[in-house]
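Here is a short briefing to read with the structure open beside you.

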Amino acid sequence: MAISQKSRRITGLAALAVVAATALSTEAAAAGQQTGALETGALADPVALVADFEDMIAAKAGGGTVIPVTVEGGTVGDSAKAFAALRITAKIGETIAPVAWVDATHLKVTAPPTTRATAARMRLLKAGVAGPESTDQVGYTPGVAIVAPAVLNAGGGATVTITGTGFLGVDATNPESVKFGEVNATSFTVLSAVKITAVAPAGSNGVTPVRVVSTGGASPVTATSRVNYRAPLGLSGTPVAKATGGQVVLTVTGAELGADVKSFTAEKIAVVVGSRTLQPTYIDENRMRINVPAASTDTVPVKIIHDGIAGEPATITMAPVVVSVSTPTGSVAGGKRVTIRAAGANLAEATDFRFGDKAATCVKQGTSTALSFLCTVPPADAPGPVQIGFTTGNGKTSRFTAAATFSYTVN
């Protein structure tokens, strides 16, 4: 009758167990029975039970994974009562593992927690005496519970703390032991069984899983084992706003703002203008709108905050403008006196007031908080609207606004 390879393996294992038990019995006798922890019956009946299960079955380093086991080389009792009488236990590596009876040749072994997430073999014990190691291995995988900080600059270089389980089984010399997505950490240090510090590599804008890898496998990805890479956002060109404030469109560089309002909201973008934090309005993938507050300076600093990651500082030019004209119409003959209110930097030294291309004589009135200019309207060559302009004490020419319009009439 042909004997299968698996049967020959079991027979061989049983023979080895008999030899080992005989040697142990001889040693015990020579020592005057000082090995009292072992039972004579157990030595006379060597344990040949072998655990057979899915090779490299994943088990959490934190414990609790139930491993279905088929028993070879014998049985574990035809009933739960018979099983209890046999005093069957198990070890994974060197740690005792809880065992539950299923039937005469099947068990459920619960993987115990471990500080070393590695590949480990299993032994079945009968009355405290261990049988041969399993051919199959349990793949203890590290567990990642928290990565902090959870938001990283896409340029890389940030040091993160990874908290989890089983980290003493991580090979500190293997650069692939800590990964951000498919990229190895720039460097890492195993501090304890539950803590690793790592320097994050550069990444792409978006969510990236962080995994710790040992010979038992890679840590599973969970909602808390991921980081958000955020690209620092900059501005294209130098935006211009009225000194009185108002809406400004910003064209963004560094990453897209999202395909729609929902995805834009998920990017968590804010804009800091001066000391004020503003919430932008989405326009498209590259543009957004903000309401800039009034300013009495030529420029104001601005930077974009992308989910806590600050972009390069930039500026918004605050253009001087005419705010109002007391009487916006007058005869082409000129001579009318009107009060002009303006906004901009260093207005007290403003000069070169013009109605179209005609120079006007203006006198400063009031104080810096209520500054205005009393101007004599110059004559015009023809009726029609013209733009009122001026130059600030800083040499900046005012920008056109609807409020700066003066209309000449024939009378």
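Which residue forms a salt bridge with K358? The partner is D381, and the closest N and O atoms of the two are 3.2 Å apart. Please keep in mind that this is a predicted model.

- K358 and D381 link distant parts of the chain, as they lie 23 residues apart.
- K358 belongs to strand 35 (residues 358-359), whereas D381 is found in the loop between strand 37 and strand 38 (384-391).
- K358 has a relative accessibility of 25%, so K358 counts as partly exposed.
- D381 is exposed, because its relative accessible area is 68% and the cut-off for exposed is over 50%.
- D352 and R354 also meet through their side chains in a salt bridge, with 2.9 Å from N to O.
- D352 is partly exposed as well, with a relative accessibility of 43%.

**The salt bridges around R230**

- How many salt bridges does the structure hold? There are six.
- One of them joins D307 to R230, with the closest N and O atoms 3.1 Å apart.
- This pair, too, links distant parts of the chain: D307 and R230 are 77 residues apart.
- You will find D307 in the loop between strand 28 (299-306) and strand 29 (309-310), and R230 in strand 20.
- Are D307 and R230 buried or exposed? Both are buried.

- Four strands make up an open sheet in the order 31-33-37-36, and their pairing is antiparallel.
- Strand 31 (321-325) and strand 36 (361-365) are the edge strands, each pairing on one side only.
- From one strand to the next, the twist averages 35 degrees.
- Strand 36 runs antiparallel to strand 37 (residues 372-376), and five bridges join the two.
- To locate this pairing on your screen, look for K364, which stands opposite F373 in strand 37.

- Strand 16 and strand 17 (residues 195-199) run antiparallel and are joined by five bridges.
- Within this pairing, F188 stands opposite A198 in strand 17.

**A serine in a loop**

- Where is S219 placed? S219 sits in the loop between strand 19 (217-218) and strand 20 (226-230).
- Why does S219 count as buried? Its relative accessible area is 3%, and buried means under 20%.
- Apart from neighbours within four places in sequence, S219 is in contact with P142, G143, V144, V210, R211 and V212.

How values were computed. Residues are numbered from 1 along each chain as its sequence is written. This is a predicted model: local features need pLDDT of at least 70, side-chain atom pairs count only at pLDDT 80 or more; totals for chains, interfaces and linings use all residues. Side-chain values use heavy atoms; hydrogens and water are left out. Buried means under 20% relative accessible area, exposed over 50%, partly exposed in between (1.4 Å probe, protein chains only). Contact means heavy atoms within 4.5 Å. Two strands pair if DSSP finds at least two bridges between them. Axes are lines fitted to C-alpha atoms, for helices over the stretch in contact, and angles run from 0 to 180 degrees between N-to-C directions. A salt bridge is a side-chain nitrogen of Lys or Arg within 4 Å of a carboxyl oxygen of Asp or Glu.
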